[in-house]
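Morning, everyone. I will go through one model today, chain by chain. Please have the sequence and the structure open while I talk.

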Amino acid sequence: MSKVKFGILVFPGSNCDHDAHFAASSVMKQDARFIWHKESSLGDVDVVVIPGGFSYGDYLRCGAIARFSPIMNDVVRFANGGGAVIGICNGFQILTEVGLLPGALLRNESLRFVCKDVYVRVEQTNTRFTGACAPGEVLRIPIAHGEGRYVADVNTLQRLEGDGRVVFRYATPSGQISSEANPNGSMNSIAGITNEAGNVLGLMPHPERASDPLLGNADGQKVFQSLIQSFTTHEFVHNLS
Amino acid sequence: MFKAKITVTLRSSILDPQGKAVEHGLHSLGYQSVSHVRIGKHIELSVGVDSKAEAERIVREACERLLSNPVMEDFSFTLEPLKKPAHVKG
């Protein structure tokens, strides 16, 4: 099997770009390269990673200015053509601002920046991003954000739930959903969602920060594994750009 | 030339924890009659066109496209004519 080509966007203020590159290349042994936000074309990539950080200093709103970077036009084209896009933390915020994912991410209910390991329950395993997980599996993955409270209007929320697009939900280590296990006040404890076609994922937890077993926790590898194996799974092959 | 003063606020249906925290602080100071505190953003900018209608169109569009996020925020603005800077003698 040929290597999957990861393209990792870099904005001024991105700070998880190297972690994502390391996870894709050193840990998962795939191809990875950085793509500067001023580029107008993604070039030859299989997966676009929009990494975490504080693009443009989070000025105005998180992700609000990054969405107008030249590269984002090509990301939208790539996503609309079925290409796999994963937005992590600030990347999730950018995906909602650019309209590839519904809803918005607001200030944590506690008003505090929260940086710790959380547990997320895998709600859907028939996605490109979770195919390597067992149904209901609980992953331990770190979060690090001040604006991660997912909100959407009632209709959007119903559609997300009804269509099975809530992929990750904050939970207790045993997989129970509770307000205590919800670190930021997200509606329905939502930690990650996909778009309607299922090829774009946004999530607040950082799987790339939990991908190297040397660091004591490799639960996040499952997301990368799922993505890589989705390129050989018949179900997703027709989605290839 | 017009000066626009723009207010962006979270939609009333959306929880504003910052507003709640400030309200709590105000109650601690004894202002028991104060309620419904909401925190928003104030943005000022100048628009270099002659017609007020055109200035309004530009500001509205800027609010819709960048300055506010219609998913979670509402905006309002006022426009005032700006006098051209007076000629300064050297």
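Start at A:Leu9: leaving out residues up to four places away in sequence, A:Leu9 touches A:Ile35, A:His37, A:Val48, A:Val49, A:Ile50, A:Pro51 and A:Ile71. Touching, or being in contact, means that two C-beta atoms, placed from the backbone, lie within 7 Å.

A word on the source. This is a predicted model, in which local features need pLDDT of at least 70 and side-chain atom pairs count only at pLDDT 80 or more, while totals for chains, interfaces and linings use all residues. Residues are numbered from 1 along each chain as its sequence is written, and chains are lettered from A and ligands numbered from 1 in the order in which they are written.

Back to A:Leu9. This residue is among those with the most contacts inside the largest nonpolar core, together with A:Val47, A:Val48, A:Val49, A:Val85 and A:Val120. That core has 74 residues. A second, separate core has eight residues, including B:Ala4, B:Ala55, B:Val59 and B:Cys63. A nonpolar core here is a set of buried Ala, Val, Leu, Ile, Met, Phe, Trp, Tyr and Cys residues joined through C-beta atoms within 7 Å. Buried means that 20 or more other C-beta atoms lie within 10 Å of a residue's own; exposed means 12 or fewer, partly exposed is in between, and the C-beta atoms are placed from the backbone.

Now the sheet of chain A. In what order do the nine strands of the open sheet run? The order is E2-E1-E3-E4-E11-E10-E9-E6-E7, with mixed pairing. E2 and E7 (138-145) of chain A are at the edges with a single partner strand each, so one side of each has no neighbour in the sheet. On average, neighbouring strands are turned by 25 degrees against each other, direction ignored. For angles, axes are lines fitted to C-alpha atoms, for helices over the stretch in contact, and the values run from 0 to 180 degrees between N-to-C directions. The elements themselves are DSSP runs numbered from the N terminus: helices are H or I with at least four residues, strands are E with at least two. Two strands pair if DSSP finds at least two bridges between them.

Look at strand E9, residues 166-171 of chain A. Is E9(A) mostly covered or mostly open? E9(A) is mostly covered, with six of its six residues buried. Four bridges join E9(A) to E6(A), residues 114-122, and the two run antiparallel. One pair there is A:Arg121 with A:Arg169. A:Arg121 also stands opposite A:Val138 in E7(A), and E6(A) and E7(A) pair in the antiparallel sense over eight bridges. On E10(A), residues 190-194, E9(A) has an antiparallel partner over three bridges, where A:Phe168 stands opposite A:Gly192.

Next, two helices of chain A. In H1(A), residues 17-27, the buried residues are A:Asp17, A:Asp19, A:Ala20, A:Ala23 and A:Ala24. Their cover includes strands E1 (5-10), E2 (31-36) and E3 (47-50) and helix H5 (221-230) of chain A. After H1(A) comes A:Lys29, with a positive phi near 60 degrees. A:Gln93 sits in helix H3(A), residues 90-98. Why does A:Gln93 count as buried? Because 31 other C-beta atoms lie within 10 Å.

Chain B has two helices and three strands, in the order β-α-β-α-β from the N terminus. Its radius of gyration, taken over C-alpha atoms, is 18 Å, well over the 12 Å that the globule rule gives for 90 residues, so chain B is more spread out than a compact globule. The rule is 2.2 Å times the number of residues to the power 0.38. Of the 90 residues, 14% count as buried.

The three strands of chain B form an open antiparallel sheet, E2-E1-E3. Nine bridges join E1(B), residues 2-10, to E3(B), and B:Val8 stands opposite B:Phe75. Helix H2(B), residues 52-67, packs on this sheet, touching E1, E2 and E3 of chain B, and its direction makes about 155 degrees with that of E3(B).

Last, the contact between the chains: ten residues come from chain A and eight from chain B. Helix H1(B), residues 17-28, gives the most to the chain B side, with three residues.
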